Amino acid sequence: MSAQIETYEKEYRIRMNRWYDELKWLYMELYGERYEDFHDLCADLYANFQARDVRLKESDLRRSADPQWYRGNDMLGMMLYVNAFAKTLDGVREKIPYFLSCGVNYIHLMPFLDSPAKKNDGGYAVSDFRKVKSEFGTMEDLKSLTEECRKQGISVCMDFVMNHTSEEHEWARRAKAGEIEYQNRYFFYDNYDIPAQFEQTVPQVFPTTAPGNFTRNPDTGKVVMTTFYPYQWDLNYRNPTVLREMMGNLLFLVNQGIDIIRLDAVPYIWKEPGTKCRNLPQVHNIVRMVRIICEIVCPGVLLLGEVVMEPDKVAPYFGTVEKPECHMLYNVTTMASLWHTVATKDVRLLRRQLDLMHALPKEYIFQNYLRCHDDLGWGLDYDFLRDFGMAEVPHKKFLNDFFTGKFYGSFARGELYNDSAELGDARLCGTTASLCGVERAAFEDPEKAIRYDLTLHAFMLAQSGIPVIYSGDEIGQTNDYSYHFDPKKQDDSRYLHRGDFRWDLEERRHTEGSIQQRIFDGLRKLEQIRSTHDVFRAIADVRTVDTGDDTVLGVLRSSGTDKLVTLYNFSGDDRIAWICEEDGMYIDLISGIRMEAKDVRLPAFGCRWLLRE
């Protein structure tokens, strides 16, 4: 054992020596020549490395030896809320066999750290970064879950809220008590003079439910920065103590066995008057420092960046090949463009978005999804859409009318979030099944709706990167309207798609012909196809294909001698993809039908994955 420990210590020293100069340079650029503070940070890193379990250190070495371990075509994720899925962390551990039956080897646990019972925004108002919310269990339960997941080959992801704490966090309580040291960990001002300067340039995140970016604190009479909600106080990363303490929290959490850290709202973490306080250069310095810190202490841990921004602001969070930042990023724009395509039946915007994605370096790994825990915003390329007569405000209204079922002929069932008549804008809530017609069709003929649900999943699975299913989508779970009758939830329409997992419906996946069985088995088939063909790997060359029909999307993937033509019909009618791939016969991996890749017939809302023989 002593030889093994020496090996770990030696590898740590190698990593520290490799990254020390850059880490020091980045630190001094942010904070000036505060050598003692920097040495304290380095001492913290070593202490957290020493506290790291031997099995985690072994995993670090194994993954470091295979840095491509997460870039293949065998990763499949599932995103879930602990309480909605299984009540507790122990409950989630007991459901590991279900994950395995789904083919899932990566679970993303939505916020489970201690947060106030009422003001918590789904758990994003953290009051203690080192304590599990009591009704979910304990840190020991988390460690038991991650250990069992590791034995079963399942990676575990969690959210790390970098931008703010709850107003009930210890730092906030001491700030409210008048301790200047802790007020300096936030943005406290004696009056509105400086906040008024910020407000001139900083956009509002939630103009309807949480207008403005500052809140007067009644305990101190001072004004505190609250970008998201009045009960979420923005952290001041100009203060090096904040960075050091938050890195300590992050390393404590990964030492519980967490494999992937989702950096929540990372573009917001540095504030400068006279700017939008988004995507500032200092943000990238900090993210790069977080990456280096993880490379030193826990190189087997991945960073997943949540960057809900316009496309040109997203890719920079990968950093560069020489100086990487996040390992993975959320593929937000493709999700929004996909649902735009569902409503318009026009693939031109989606095709443009995919062309932009395919032009990025293959080293960039995106996390792909149809729906997630959050609302769906319409951050689309309106400069492009304007050429087709789609102006921003009326087009957003059309999209929201379509997905709330107000538009004639719509099959969708959703609800709006943060509906702002003043801005002509709103966000959308709803599960995949409800938005693509399964809820409505369940009372009629569900054939087309089930096919559409699977087609949308096939599109997600055929993208390069890591596909993640939102818990419940695998059984076609529809909207949960019960939140309307819960006083704690009724003001937040996002609970429409955050309902409890329907284990009664899950049992019906074993009933032949049921909606649950057809979606579950259809999805498993797609997942198994993806995992057994190298052409789905991120190293494949990818480009869109002209199908001669603006309702049909074509995407070609090629790797070595493998060639795959994927086709998706967004029309409610049968269509023909007018393509002409001249080189031999193809087999549709989904149906098993052999055909030429010429003038391919597609059923309404259907798809094909054509692999050249």
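Reply:
**Salt bridges**

Aspartate 588 and arginine 608 join their side chains in a salt bridge (3.0 Å, N to O). This pair links distant parts of the chain: aspartate 588 lies in strand β21 (residues 575-588), arginine 608 in strand β23 (residues 607-612), and 20 residues separate them. A salt bridge here means a side-chain nitrogen of Lys or Arg within 4 Å of a carboxyl oxygen of Asp or Glu. Strands (E, at least two residues) and helices (H or I, at least four) are DSSP runs, numbered from the N terminus. Both aspartate 588 and arginine 608 are buried. Buried means under 20% relative accessible area, exposed over 50%, and partly exposed in between (1.4 Å probe, protein chains only).

The model is predicted, so local features need pLDDT of at least 70, side-chain atom pairs count only at pLDDT 80 or more, and totals for chains, interfaces and linings use all residues. Residues are numbered from 1 along each chain as its sequence is written, and side-chain values use heavy atoms, leaving out hydrogens and water.

Now a second pair. Aspartate 60 and arginine 52 meet at 2.8 Å, N to O. Aspartate 60 and arginine 52 are both buried.

Aspartate 40 sits in helix α2 (residues 35-51) and arginine 244 in helix α11 (residues 240-254), 204 residues apart. Aspartate 40 counts as partly exposed because its relative accessibility is 27%. Arginine 244 is partly exposed too, at 33%.

Salt bridges also form a network, linking Asp374, Asp375, Arg427, Asp492 and Arg494. The whole structure holds 44 salt bridges.
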